[in-house]
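This report describes a structure with attention to its sheet, its domains and the contact between its chains. Please consult the sequence and the coordinates together while reading.

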Amino acid sequence: MSDTALSPGDEPPVTPRKGGTARPPVDPPGRIAVRKTYKLYIGGVFPRSESGRSYEVTDHQGGFLANAALASRKDARDAVSAARKAFAGWSGATAYNRGQVLYRVAELLEGRRAQFAAEVRAAEGLGARQAEAVVDAAIDRWVWYAGWADKIAQVRGAANPVAGPYFNFSLPEPTGVVAVIAPDSASLLGFVSVVAPAIVTGNTVVALASERYPLPAVSLTEVLATSDVPGGVVNVLTGRTAEIAPWLASHMDVNAIDLTGAPPALADDLAVAAAENLKRVFRPRYHDQDWIQSPGLDRMLAYLETKTVWHPAGT
Amino acid sequence: MPKFDYAPAPESRAIVSLRESYGLFIGGEFVSTIDGRAFKTISPATEEVLAEVTEAGPADVDRAVAAARQAYELTWSGLPPRERGKYLFRIARIVQERARELAVLESLNNGKPIRESRDVDIPLVAAHLFYHAGWADKLEYAGYGPDPRPLGVAGQVIPWNFPLLMLAWKIAPALACGNTVVLKPAETTPLTALTFAEICQQADLPPGVVNIVTGAGETGRALVEHPGVDKVAFTGSTEVGKQIARACATGPHKKVTLELGGKAANIVFEDAPIDQAVEGIVNGIFFNQGHVCCAGSRLLVQESVYPEVLASLQRRLGTLRLGDPLDKNTDVGAINSAAQLAKIRELSDAGEAEGAQRWSPPCELPVKGFWFPPTVFTGVSQAHRIAREEIFGPVLSVLTFRTPAEAVEKANNTPYGLSAGVWTDKGSRILWMASRLRAGVVWANTFNKFDPTSPFGGYKESGYGREGGRHGLEAYLDV
């Protein structure tokens, strides 16, 4: 492992516990609520960080929400292994099948619409209607990408009229394992908007959730786990972007990286590290993206390779 | 049976008239260097000096980029797309008119057989220019939105293995999409690029739309790292490709496409037509002396037909004719440079040292120039350097497999992913294999076929971006 300016081995500063200043959510009258442990999602299961670390996640007013897992380098590497293992099956599934699986995610998300609106609201401090609009957009985004699964090859493929007795065609194929640094500000819609376009075409993903607002993405993994998305197709890490992203950027078995959620200075370092095995690097042109807007094809195309096959024609 | 020897059939050099020395082609004319120096370019077959050319310095590159910028802003971007296309059509036609001269010059400076430069390189150059000319006024139908815009100034660095063809792959789409270019040909093969500059003059291409700066690695570095360049296109080694990716990772945004090395598997199944497959193996690795990034340098033979394929291959290699690149009978020409010859020797020696068996047909090498005999290694394991590293020479490593799954596993066991070949009579197996091989181009029952309509480029560490076809336009559009 080459030593870069990133010094990814440094232990990140862990937010000191606030000693009771951040108050937990109030229990309903007459009942002690059963709270959720927010864990990682790797290879279809929900481990804690192997490091045993966690960090405090607060709401927009500083109130305690939960302790999220603080993922380590080892967790990141485990997630890459899981993603690699899942790649053959997922990329080999029919496009129709992948489309149905993504649509299934939308179905289950719809059923938990109220829960996600509350989580997004608590995390980002949005108003009730705004939070609902964000969840609705996230659901619709799954539907939009679900429909692309069996159309992208027709839109981006080609039969090429070569000057010779050959049938020559080009098809898009998934790049492989994609590391995604999800946007920090849009905890659910942003996360969905960067993960769905990578997996719909057959890639598998290791996604680093929003550092500030990780909880909606963690809850989304419960939806993914029950939507027939095969284990390992989406792996979700929570923790410090500056600590984990460099390990993903320099990992030799990661084929592409989406730097959307990386601050500009870190993104430069990550892009340099990514050159070591010529990862495909996706860097959005504009920093403040309006995630509600229709996304276009950029993110799907960023993780597609074009394969061209020559076959002789003759008797 | 009586044995009839070939009579020499040399192509005349008279058609080529070279200047004693060449400046840089900047702003539509040949100019002297500001801060560079002169160096000699030779024929690798004889080590004869052909001409003196210029190694451009940073100030020269600066001047070329400025000329390209000016041409982009003042003339080229304002030209109706149809007119842009007509310039490219015109250039394609002049290439056809001067095809023989270009073929002879290419063989002289590169060392490749005239049969190849005449029948493959130069016809494909014209085809690439002609194909892309037609795109210039049709870009809104290419699938990149209603009004795809050019990027600006393209800095392009090309290799020595197909000097003029790589130039055409770079310049044709760049110009068709409305960019202007500064192109650096390879250090050892600048002459057809400089002749192309004369063709641009003959075509009355507006000054500065195409600029040619000759030189070596430092000139190339100055070009790709120049802040005035909006687009970097590079074909060459994976090592340099990574340097470029690193250099362009920071600073102002540059669109980068890289076409890099390969270690292609050429996979022969037991049901393949063996004679055809052997021709394909020979074409796969000995075409252009193996100086081909997509060369089929790893032969994977199904165990059941291994003895038959190997015997047939060795018999066929005994008939290859190595020698004068300008002789029309020549199959295998000269290695392009002393440095490349040293690299081929080093890796071949490593193959022997690591325990593989080396074999070459009886083959007399000319005394002068750079030569290496067609070479086959058997008993090669996947761990051997000759099975992992790109040799870029006429050296074939032979491995075996039993099942299709094992063939896929071995073929994909490389950081590269440029091309692959499959030989079998079974159509379903071709498609099964093609979908599992992690490579940008898969040739089924053929190898080393190229066409301007056919997207070319790699997976994994063979680079990113495509050249050719509708897909190749993306590299030169702001999309």
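This is a predicted model: local features need pLDDT of at least 70, side-chain atom pairs count only at pLDDT 80 or more; totals for chains, interfaces and linings use all residues.

Residues are numbered from 1 along each chain as its sequence is written, and chains are lettered from A and ligands numbered from 1 in the order in which they are written.

**The sheet across both chains**

Helices (H or I, at least four residues) and strands (E, at least two) are DSSP runs numbered from the N terminus, and two strands pair if DSSP finds at least two bridges between them. Strands of a sheet pair through backbone hydrogen bonds, either parallel or antiparallel.

| Strand pair | Sense | Bridges | Bridge partners |
|---|---|---|---|
| E3(A) and E4(A) | antiparallel | two | A:Ala159 and A:Phe169 |
| E10(A) and E16(B) | parallel | three | A:Thr308 and B:Val441 |
| E10(B) and E11(B) | parallel | four | B:Val268 and B:Val301 |
| E11(B) and E14(B) | parallel | five | B:Leu300 and B:Leu399 |

Strand E11 (residues 298-302) of chain B is mostly covered, with five of its five residues buried; a residue is buried if 20 or more other C-beta atoms, placed from the backbone, lie within 10 Å of its own, exposed if 12 or fewer, and partly exposed in between. B:Arg298, B:Leu300 and B:Gln302 point one way from the strand, whereas B:Leu299 and B:Val301 point the other way. From E10(B) the chain crosses through helix H9 (residues 274-286) of chain B to E11(B), and this β-α-β crossover is right-handed, that is, clockwise from the first strand over the helix to the second with the strands pointing away from the viewer.

**Contact between the chains**

Chain B places 33 residues in contact with 26 residues of chain A, contact being C-beta atoms, placed from the backbone, within 7 Å. Elements giving two or more residues to this side of chain B include helix H8 (238-247), helix H14 (427-436) and strand E16 (441-444). This side of chain B has 15 nonpolar, 10 polar and eight charged residues. Here Ala, Val, Leu, Ile, Met, Phe, Trp, Tyr, Cys and Pro count as nonpolar, Asp, Glu, Lys and Arg as charged, and the others, Gly among them, as polar.

**Domains of chain B**

Chain B is divided into domain 1 (24-260 + 459-476) and domain 2 (265-444), with bounds from an automatic or database domain assignment. Their C-alpha centres lie 30 Å apart. In domain 1, 22 residues are in contact with 26 residues of domain 2. Helix H3 (99-110) and helix H4 (114-135) of chain B are the elements that give two or more residues to the domain 1 side.

Methods:
Two residues are in contact if their C-beta atoms, placed from the backbone, lie within 7 Å.
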